[in-house]
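Visitor: Could you take me through the aromatic pairs, after a brief stop at one helix? I would like a close look, with the terms spelled out as you go.

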Amino acid sequence: MEPYIIPVKREMWEHNGAFVKVPAVIFVVLCISILAAIALGRAADFGQSYHYQVQMETEHEGDTREFEYSDIVLGETDSVTSNHHSTGALPFPEKEINEGAGIINSISYIAFSGILFLISISYLLGALSADRRDGSILFWKSMPVSETQNVLTKVVVASCVLSAIAWVCALAFSLVLLIVATVLALMSGYDGALSIVWQEQALIGTAWQHIGSFLAAALWRLPLVAWLLLASAYAKKTPFLLAVAPLLGLIVVEKIILGSTGMFSLFLDYIAFNVFLSAHATSGWGSLWVVLTSMQFWLGTLLACGMFYGVVWLRENRYES
């Protein structure tokens with residue numbers, strides 16, 4: 001097992017900045033932003049609700065009367081206000097909070113998934129071209145690791161390891177949100193606030209469903225991963241241009257000759273389905289089943305296997321700088 005783990009560790013060491021430091025910085029920035037937004041919001045509410053003053057001057061028979069008051073603006077009906085004074089707490093809007101918590105938790109997973117997906121694209125484009133440019137490929141070829149294992153390591157890192165990092169970052173950020181929500185719930189005075197905030201579905205359920213979503217996305221992206229690695233293994237200077245130019249060429253040629261946009265729609269649908277897999281956490285494991293039972297997935301997997309074979313062949317037969 002160790003010979004398969006060491007290459008993955010090597011990739012993590014070589015790309016520590018992109019794989020670890022960038023997500024960590026984004027995580028810290030998001031946490032600071034959330035705390036700052038809440039602090040500013042609480043300060044604004046405090047200024048508007050507890051220190052709200054109105055001065056009114058009215059002249060009546062030559063007298064000037066000034067009225068000044070400070071009160072809490074609840075925006076509720078008299079019945080709710082009377083209930084608040086009688087019970088000491090307001091009824092908690094459970095449905096709205098449940099929907100909001102689910103949306104916020106899902107957004108954190110979607111955000112980190114998108115960020116790590118962009119990082120994976122950059123990683124794949126340079127994964128098999130950087131060592132040819134600097135000549136270090138000759139050193140790596142002297143190691144007891146086959147090119148097949150080397151390519152599969154890149155695939156595992158881009159598809160699984162980066163998805164796992166995104167999942168961990170999103171879960172940690174959701175935990176931060178839960179802690180903040182707990183503090184706000186204790187300060188709110190609403191009945192049942194704390195029990196709603198700490199419900200299992202808000203944190204654990206969303207995390208569990210997104211494991212299925214991330215696995216489905218990793219499998220669905222295999223053709224894209226293979227294509228980017230093929231461009232990286234073949235290109236001498238600019239893998240990005242080599243990866244994008246043929247696709248754009250197909251779209252332009254189809255538009256000029258046939259007057260249709262079938263290829264563009266195909267690429268757009270492929271990208272849209274990737275977004276669907278990451279966004280719909282409620283059907284996370286269901287999305288995995290949809291992918292595994294899809295004919296498009298198996299056709300794409302066969303195409304990806306052919307491209308992976310081409311990548312390995314290029315690595316074994318072409319390594320000039």
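Guide: Helices (H or I, at least four residues) are DSSP runs, numbered from the N terminus, and the expected span of a helix is 1.5 Å times one less than its number of residues. This is a predicted model, where local features need pLDDT of at least 70, side-chain atom pairs count only at pLDDT 80 or more, and totals for chains, interfaces and linings use all residues. Residues are numbered from 1 along each chain as its sequence is written, and side-chain values use heavy atoms, with hydrogens and water left out.

Helix H11 (residues 239-257) has 19 residues and should span 27 Å; its end C-alpha atoms lie 28 Å apart, which agrees. Just after H11, Gly259 has a positive phi of about 70 degrees.

Now to the rings. Those of Phe, Tyr and Trp (its six-membered ring) pair if their centres lie within 6.5 Å; planes under 30 degrees apart are stacked, over 60 edge-to-face, and the rest tilted. The structure holds 5 such aromatic pairs. One of them joins Phe19 and Tyr123 edge-to-face, at 5.2 Å centre to centre and 70 degrees between the planes. Phe19 belongs to helix H2 (residues 16-50) and Tyr123 to helix H4 (residues 94-127), so this pair ties together parts 104 residues apart in sequence. Buried means under 20% relative accessible area, exposed over 50%, and partly exposed in between (1.4 Å probe, protein chains only). Phe19, at 1% relative accessibility, therefore counts as buried, and Tyr123 counts as buried at 4%.

The rings of Trp208 and Trp285 have centres 5.0 Å apart and planes at 35 degrees, so that pair is tilted.

Methods. Helices (H or I, at least four residues) and strands (E, at least two) are DSSP runs, numbered from the N terminus.
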